[in-house]
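Have the model open and follow along.

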Amino acid sequence: MELAGEDGLVEGQDPRQVVGSAPRFVGYLPEWFMPLSAYHLRASVAVSDIQKAVAFYEGALGLRALRSGPSATIAEGSRVYGSGGGPALNVYQSVTAGKTPATLATWYVDDIDQIVEELSSSGVEFVRYEQLEHDAKGITARAGGGRIAWFQDPDGNTFALEADV
């Protein structure tokens with residue numbers, strides 16, 4: 001059995017060649033399984049008011065909009081924001097905004113203290129969970145090492161910052 005690399009493919013394998021082929025195990029996935037790890041992934045976040053969201057994502061977080069466009073029902077109801085050198089976050093207006101308490105996306109940062117300070121000075125408030133101990137900035141130790149802090153957008157969508165130190 002050939003072992004797959006980090007991208008889920010055997011060296012030199014084209015991800016399009018595995019779709020529809022007979023099952024043959026490569027690593028832990030059958031070869032016919034579409035290897036989504038070969039494609040870019042963006043988080044999508046529903047917001048109730050795109051203009052409030054733009055003020056938060058661009059103003060408070062400092063994200064740069066790569067493009068704007070329609071949501072399902074609003075002509076200029078969405079934005080695609082860049083992060084880490086490419087498109088990373090789709091923000092769109094929807095009636096389903098803020099319906100999940102789970103963390104929707106995480107930024108992995110080198111200096112969590114600096115980023116938390118910068119975002120706090122921009123008006124971002126960090127969430128403190130009762131079951132966890134946080135420092136004065138709202139940062140807590142992450143299980144297995146490292147540190148993490150959570151914040152929410154105006155609709156209550158939760159995001160995190162994580163650092164390995």
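Phe56, Tyr57, Tyr81, Trp107, Phe126, Phe151 and Phe159 come together as one aromatic cluster. Rings of Phe, Tyr and Trp (its six-membered ring) pair here if their centres lie within 6.5 Å, with planes under 30 degrees apart called stacked, over 60 edge-to-face and the rest tilted. That rule gives 9 aromatic pairs. This is a predicted model, so local features need pLDDT of at least 70 and side-chain atom pairs 80 or more, while totals for chains, interfaces and linings use all residues. Residues are numbered from 1 along each chain as its sequence is written, and side-chain values use heavy atoms, leaving out hydrogens and water.

Take Phe56 and Tyr57: they sit edge-to-face, 5.3 Å centre to centre, with 90 degrees between the planes. Phe56 has a relative accessible area of 10% and Tyr57 0%, so both are buried (under 20%; exposed is over 50%, partly exposed in between, with a 1.4 Å probe and protein chains only).

Phe126 and Phe151 have ring centres 5.7 Å apart and planes at 70 degrees, so that pair is edge-to-face too. It links distant parts of the chain, 25 residues apart: Phe126 is in strand E8 (residues 126-127) and Phe151 in strand E10 (residues 147-152); strands are DSSP runs of E, at least two residues, and helices runs of H or I, at least four, numbered from the N terminus. Both phenylalanines are buried.
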